[in-house]
Structures are given as C-alpha cells and as structure tokens.
Amino acid sequence: MGMACHPSGGLLATAGADRKVLVWDVDGGFCTHYFKGHKGVVSTVLFHPDPSKSLLFSGSDDATVQVWNLITKKSVATLNGHHSTVTSIALSEDGGTLLSAGRDKVVMLWDLHDYSCKKTVLTYEALEAVCVIPSATPFASCLGPYNQQNGKKSGLQVIYFVTVGERGIVRIWNSGRAVCLFEQQSSDVTVSSDMDDSKRGFATAVMLPLDQGLLCVTVDQQLLVYSPIKLPEGILDLVLSKRLVGYNEEIVDMKFLGAEEQFLAVATNTEQVRVYDLASMSCNYVLAGHTETILCIDTCVSSSGRTLIVTGSKDKSVRLWDSESRRCLGVGVGHMGAVGAIAFSKKRQPFFVSGSSDRTLKVWSFDGLSDDVEQPINLNAKAVVAAHDKDINSLAISPDDRLLCSGSQDRTACVWELPGLLSKVVLKGHKRGIWSVEFSPVDRCVITASGDKTIKIWAISDGSCLKTFEGHTSSVLKASFITRGTQFVSCGADGLVKLWTVKSNECIATYDQHEDKVWALAVGKKTEMLATGGGDAVVNLWYDSTASDKEEAFQREEEGVLKGQELENAIVDADFTKAVQIAFQLRRPHKLFELFAKLCRKRDAENQIERALHSLSKEEFRSLLEYLREWNTKPKLCHVAQFVLFRVFNMVAPTEIIEIKGIAELLEGLLPYSQRHFSRVDRLVRSTYLLDYTLTGMSVIEPEADTRKLEESSSLQSTMEAGEQMLLPENADHEQQQPPEEGLKTKAASKKRKSDKHRDKSQKKIKGVAYTSIAAVS
C-alpha cells in the first residue's frame, strides 16, 4: 500500500494490507523491523529525514498515525484526531512538525516534541496527498509576497503545503492562517462518464527534486507535471508542463495532425481525444466533450490554415475541434445510432461526411465558421441518405472530392457522388462485413478490407474486382495505400501488420509488434510514416527505411570488400592473429577453418593458436564454439576442431566458459561427437597392437627385448675376437714348435672354425639388412 526509503538509502519501509509495517535491509534483503499496532490497512509510511532521529511514521485506515522508534522497535506515540483513513503524511523542513491528511477532509499539524495537535486545517475535500513546499524552490519564490504578509501578522513559522484529492485540482495552503492561497480554476483530470465520484481526481502527488515541479498521479494512470509561474499581477499560477499517459486502453482510431504531421490524435476507449507529440510521445492535451466512447476520428488543415479535428461517438453526435485553441467549434446531432465512421474533405472544402449504425450517411457543412466562437455551434446536415442494410464501418472521400465510398457490415461497399450522395456503383464480392475502404491516390480504384480475411481492389467504373489479396489469418480491419499507390499496408485481428505490392500481389513484409487486434492505422501524407494501435493499448510508429537500408547494405558490402582484401593481405604476411580477427568480423567460418588448418601444420601451432584466440571477445568465443560444433560433426574436419577445442579449454578458465551465453546447448552438441571421435581413436590404437604382433611373428621386425639381447651378444662376440687376436703371436710360436703333421691338423681345424663363423656372420648380415630395409620403408 505504501513504501518509503530511509535517508541513508539502506532501509526500506513497506505498508501492507495485513495491518503491519515492515522495515527491510536493502543490501541484505531481509526484514529488520516488524511493527504491529494498527487496526486497519496501513496506507502510508514515512521516515524522519534526520538520521539521528530514528523515527518512522505510519498512517492507517483506523484513522490513526503511529510513531515508531527504530532503535527500541516500539511505538512511541499514537496520534488520534482523524475520523477517516489517513492517506498521506509529510514533515516540515525543520523536522519538528508532522502533517497528516485524510479522507475526513482535514489536514492536521502535529508537534513532534510532545506529539500534540497544533492546528487543524479544513479543506472540504477528501484528500489523497499532502506535500510540504521547500523554501528553496520556485514554488516558494512565487509565494514570497504571501510569506512577507504572514510574517508581519504572526511570529510563528509558516508552512506552505499542497493538497490534492477527489476534485482533481491542486491547492496551496498556509498553515499560519489555515487558508487556501491558490486553487486551480479547472481540473486537468479527464474522467469517464461511467466512473463514480470515488474514482475521480488525483491518487497521489509528490514534489520532484531539482526544482522540476509538482508531479500528480490521477486515478486513470496519468502523470501530470505542474510548473509554477508568476503572473504580471504577482499572482501564482500552475502550468501543466507535461502529461504522461500510463495506459491508453483500447485504441480505436488515430490520425496524424498538423501541417508537418508532428502530432498524433488518438481515440481510445474513452470520451476524450488525446493528442501526442511525436517527438517526446507525451500527451500534449486532451479534448473532452463527448459523453460516451469515441469511435472514429479524422483531421485536416482548412483553407484558412487552421488544423481541425472531427470525431464521432457512441453518443450519436459528431464534434468539430480546433487543435490550436483546443476548443469544440461545433456539434452535429441527428444520427439515431453510434457514429462509427467519419471523413473530411480532401481539398480543404468546408464539409465532412459521417456514417452511423443507423445505416445512414450525412454530409455536414461548417462553412462560415468564425474564429472567435465561444460556444459550440450546431452543425447542419446538407444531405442524408439511407446507404446500407447494416452498420456503416468506414468512409473514404476521393482525392478530387467528387466521390464517397462507404463500407458496411452488409458485405458491400457503395460509391456515391458528392455532394448529393447519389449512388454510382455497388461493390459486391466479400463474404463478410467490410471494415475499411480507401481510394487510390493515382488510379480510379478502391481498396477494401473485410472480415473474410481478404483485401480486394475494385474498379470504380464498373465495380469489378481487379485483385484479391490473401494472407491474414483473421479479419482485416484496415488497409491503406502508400508510396503513390504502388503498395499498401494492412492490419487485422491477428495482430499483424503486412506490407503488400499491388503489381505482384505479394506480401513483401510482415510485422508482429502487437499482442492484440490492430484496430487503428494512420498514414502520414508527407512523411509516409505509419502509426498503428489496437487492443493492447500500444501505439507503434513505423518509418520508411528503404533508402537507409539500401545505403547500409551498400556500406556493408563496401566494408566487406575492404575487409576481405585486408584478410588476404594478412594471410600472405602470415599474420594469422589478425587474419583470425578479420575472419570473425566477416563471419566466414570456412576461411576461419582454413586458417586453423594451416596453423595446425606448423611447428609452434599451439602458441600461434593461443595468440590468435587471446584477442577474441566473449561473443566471438561463442561464435567459435558454434563453428567448432559444426566442424566436429564432420570426419574430415574434426581433427582441426578437436585441436582448437583443446587449446580453448586450456586457455579459458571454466568460470569464464560458464558465463558464455548458451554454453549448455553448445556443449550438448560437442560432447556426443567428441566421445565418438575418442572411441574411434581408441579402437585404432588397439588395432596397432595386432599389427605389431603380426609383423613380429613374420620376423619382419623384432621385439624390443630381442633387440637388446642381440646387441649384448654382438658386443660379447666382438670382445672374444679381440682376445683371440691378442693370443695370435703365442699361437704362431706354438705352431712353429709343433711338428709338420700336427701343424697341418691345426690349420685344418682353424679353417673349419673360420668357415662356421663366416656362415653365422653372413646369416646375421642378411637378417640385419632385411630389418634395415623394412625400417627405411616404414
């Protein structure tokens, strides 16, 4: 029901319908204080602005104000005096006086030293908010003369405060004399006829910081900002500087306003017309006068240069407005049903046409309307005709003011001659009611939008259907030509806005920016800017971006060519870090794969890839993981993908990887294929063991253990041969001493040993040669 922030910014107090006041620690998010004592809904809370005084004030439906001590967590005092709900409380600048306002139509001033009531100010209005005016603000400077006058009469401190309530007006009061110093002459609050008195007026108000004025909030969710001015007579006055509409309700119709189309007149599901400034999208002013919902609206610039607005309503009347003076110039009464369609003359002639649920068309004239009209005049109908068998939904006047087209729920559109409303041709072909009609700006044809989900273009000469457009999934509610009749825009109950080309019968664009039916469509005549609105209470502005899109595409293409040349230069210069960056900028995954493949074949591939990856941002890392996920699915590319992926996971911390947007989905795509690749590599490694065993068994290669034994035996043999050579002289002497026969026997035996040894060596040589040749081949 209410909130307040402590001056330190560390505490937040909340008031609820559970009759409790809670204080929260903002940083920790936990409750620090829990106050019970009110017997009704707590409507407002306020901290004392002095941090040394740990006090909290709360007002409730039980007509009391409670004072709480934040240190002892107990109630200090209960202020009784109101007879109804306390809706707002405020503190004076010195912090010694508390002001409380309620629906009992009084403001009470309390002394915080002894918690007694100092004064009661009668306001004669159920109040919703009270605000103290600080001394160093424009409001206080405008109240200077009043301050001096009161200072002479009373030595007490004077408090100026603002009150707002059910009447919807702002009033400024003097606490010293308990009198109203300023009161608005008229209310800026727009109220609906079906709202009772309890729902009228303001809901709350607050003084804005930095001298930005007074902000008042209405019950229909509008924000009104008032600024004070001092009139030449020295009297204070409040000017509505800004109006912000919080909720538009259902938007029924809208039209661009002004010679430069800088305003937008919107008819919502209320009795007022809201005029928005397109630059700031704030509501400039409101036109009030109808007693029931406005259904249709049209605008024009008269021959005298005045910007006019005409509206039709459920109250069976039409009203003519002047946008500059913001006054109603004339009222047309005569229809027996709600006025659902209206259209101004296209050539600035002083007439407009209205269509009603009473199935009739009326031509209204405002010729001779003077500029200094104080009271709305009665408009007269020049021509009347019973046009259709059911409600008339839409009207359109041809560019030359000679023809009028009307669309009705009876599934027909009729073309009439102006100003006498003589029937010219009837357009039959739709299977449901027609919601919109419009003349082509260049051709003698009419476009109609129907509840049968189709749009048709008709020839005026013979009433034949020239083209039919299908594409909407629900009733088409509006259709309007743009770009000199070569294209048109349509909107419907499916919430879609579609752009069509007349020549090719194609829908070239569909826009889905609304969440409900799109009832209103306005096309700017000069700027060709579009505005759409519907049941979702949203106004969307659309700009023709064809030229800018072409220019941007040309610039992107030119930049792409330059970047492509820069990429090729970086590859030639072997600057792979720069080349990888440019490939990411150009979004060329194939070129990026070629760069990584080249890096993988280099000796210092790991270092170069890490240098290239260090320059990537988080978004580029995400793109890289997307590319790796695609490469990893293809056997020819997976080895490069796995190599780069390994470097990425080694270089980037897991905490940073988790922060990448969509990392869970990327890892889900990487894991299955990576496991598959690992399983395939594992099978290949195990298969090599069989190959080694087969080659060993064929004596093509020798096991590592046999090779070591062979080396040991060869070294032992060489040692023995060296020993034999050392013994050769002794053997020679021995041979000389032996007899000849024994010497011959000894020579024969040595020859036999040498032949055996030679045979063993040759066998070893052959085996060694075979092994060497195999090793060379492998």
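Axes are lines fitted to C-alpha atoms, for helices over the stretch in contact, and angles run from 0 to 180 degrees between N-to-C directions. On that basis, helix α5 (residues 589-600) and helix α7 (residues 618-632) pack at about 80°, their axes lying 11 Å apart. The model is a predicted one, in which local features need pLDDT of at least 70 and side-chain atom pairs count only at pLDDT 80 or more, while totals for chains, interfaces and linings use all residues. Residues are numbered from 1 along each chain as its sequence is written, and side-chain values use heavy atoms, with hydrogens and water left out. Helices (H or I, at least four residues) and strands (E, at least two) are DSSP runs, numbered from the N terminus.

**Helix packing**

- The angle makes α5 roughly perpendicular to α7 (under 35 degrees counts as roughly parallel, over 145 as roughly antiparallel, 65 to 115 as roughly perpendicular and the rest as oblique).
- Contact, meaning heavy atoms within 4.5 Å, is made by Pro 589, Leu 592, Phe 593 and Phe 596 of α5 and by Leu 624, Tyr 627 and Trp 631 of α7.
- By class, this contact of α5 with α7 has seven nonpolar, no polar and no charged residues; Ala, Val, Leu, Ile, Met, Phe, Trp, Tyr, Cys and Pro count as nonpolar, Asp, Glu, Lys and Arg as charged, and the others, Gly among them, as polar.

**Sheets**

- Two strands pair if DSSP finds at least two bridges between them.
- β13 and strand β14 (residues 160-165) run antiparallel and are joined by five bridges; Val 130 has Thr 163 of β14 as its bridge partner.
- Strands β43 (residues 487-492) and β44 (residues 497-501) pair in the antiparallel sense over five bridges, and Leu 499 in β44 is the bridge partner of Val 489.

**Pocket and cavity**

- On a 1 Å grid over the protein atoms alone, a cavity is a set of points where a 1.4 Å probe fits but cannot get out, and a pocket is an open set with protein on both sides within 12 Å along at least five of seven lines; lining residues have an atom within 4 Å of a point.
- Grid points are joined across faces, edges and corners, and a volume is the space filled by probe spheres set on the points.
- The second largest pocket has a volume of about 1200 Å³.
- Of its 44 lining residues, Leu 46, Ser 88, Ile 89, Ala 205 and Val 206 are the closest to the centre.
- At least two lining residues of this pocket come from each of β1 (2-5), β5 (42-47), β9 (86-91), β13 (127-132), α1 (138-142) and β17 (202-207).
- The lining of the second largest pocket divides into 28 nonpolar, 11 polar and five charged residues.
- The structure holds one cavity of 30 Å³ or more, and the volume of the largest cavity is about 40 Å³.
- Phe 621, Leu 625, Val 648, Val 652, Ile 657 and Ile 660 line the largest cavity, a lining of six nonpolar, no polar and no charged residues.

**Backbone geometry**

- Most residues other than glycine have a negative phi, and most peptide bonds are trans.
- The peptide bond from Leu 418 to Pro 419 is cis, with omega near 5°; Pro 419 lies in the loop between β36 (412-417) and β37 (422-428).
- Met 281 is not a glycine, yet has a positive phi of about 55°; Met 281 is in the loop between β23 (272-277) and β24 (282-288).
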